[in-house]
Amino acid sequence: MKDQVVKTNYKIAVALLRQEKFDEAVLVLLEVVKLDPGHFKAFSNLGVAYKNLKRIKEAGLSFERALKLKPGSPEVYNNLGNVYTAME
């Protein structure tokens, strides 16, 4: 049951990101990572949503969490580098 909720909510969040509804996507992604704290893609997309909302600190924390789950991810390293640059 929980796995199905995570899967469905993640798909909803991705659709919201594509529609550039970043505030709504954040809320759904927070539910996903609450239910599945090891969901790499959810943390990575949470970082993307936060970055688009100019919530740079939260974006950085989300990308860092994604890297802990999947070390060496080039996409996340790139996004994290962009966040660090925005912090300067």
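Arg55 is partly exposed, with a relative accessible area of 32% (buried means under 20%, exposed over 50%, partly exposed in between; 1.4 Å probe, protein chains only). Glu58 is likewise partly exposed, at 29%. These two residues form a salt bridge, with their closest N and O atoms 3.4 Å apart. The term denotes a side-chain nitrogen of Lys or Arg within 4 Å of a carboxyl oxygen of Asp or Glu. Side chains of opposite charge can pair when their charged atoms come close. The structure holds 1 salt bridge.

The model is predicted: local features need pLDDT of at least 70, side-chain atom pairs count only at pLDDT 80 or more, and totals for chains, interfaces and linings use all residues. Residues are numbered from 1 along each chain as its sequence is written, and side-chain values use heavy atoms, leaving out hydrogens and water.

The protein chain has 5 helices and 0 strands. Both are DSSP runs numbered from the N terminus (helices: H or I, at least four residues; strands: E, at least two). The order from the N terminus is α-α-α-α-α.

The radius of gyration of the protein chain is 12 Å. A compact globule of 88 residues would have a value near 12 Å, so the two agree. The radius is taken over C-alpha atoms, and the globule rule is 2.2 Å times the number of residues to the power 0.38. Along the principal axes, the C-alpha atoms fill a box of roughly 45 × 25 × 15 Å. Of the 88 residues, 40% count as buried. Among contacts (heavy atoms within 4.5 Å) between residues at least 6 apart in sequence, 42% join residues at least 24 apart.

The protein chain exposes about 5500 Å², and carbon and sulfur atoms supply 54% of that area. Accessible areas come from the Shrake-Rupley method with a 1.4 Å probe; for residues, only the protein chains shown count as cover. The mean positions of the 14 positive and 10 negative charges are 4 Å apart. Lys and Arg count as positive, Asp and Glu as negative; His and the chain ends are not counted. Each charge is placed at NZ of Lys, CZ of Arg, CG of Asp or CD of Glu.

Helix H3 spans residues 40-52 and includes Ser44. Ser44 is buried, with a relative accessible area of 6%. Not counting residues up to four places away in sequence, Ser44 touches Phe63, Ala66 and Val76. Asn45 is also found in helix H3. Asn45 is buried, at 18%. With the exclusion of residues up to four places away in sequence, Asn45 touches Tyr10, Val14, Leu17 and Leu29.
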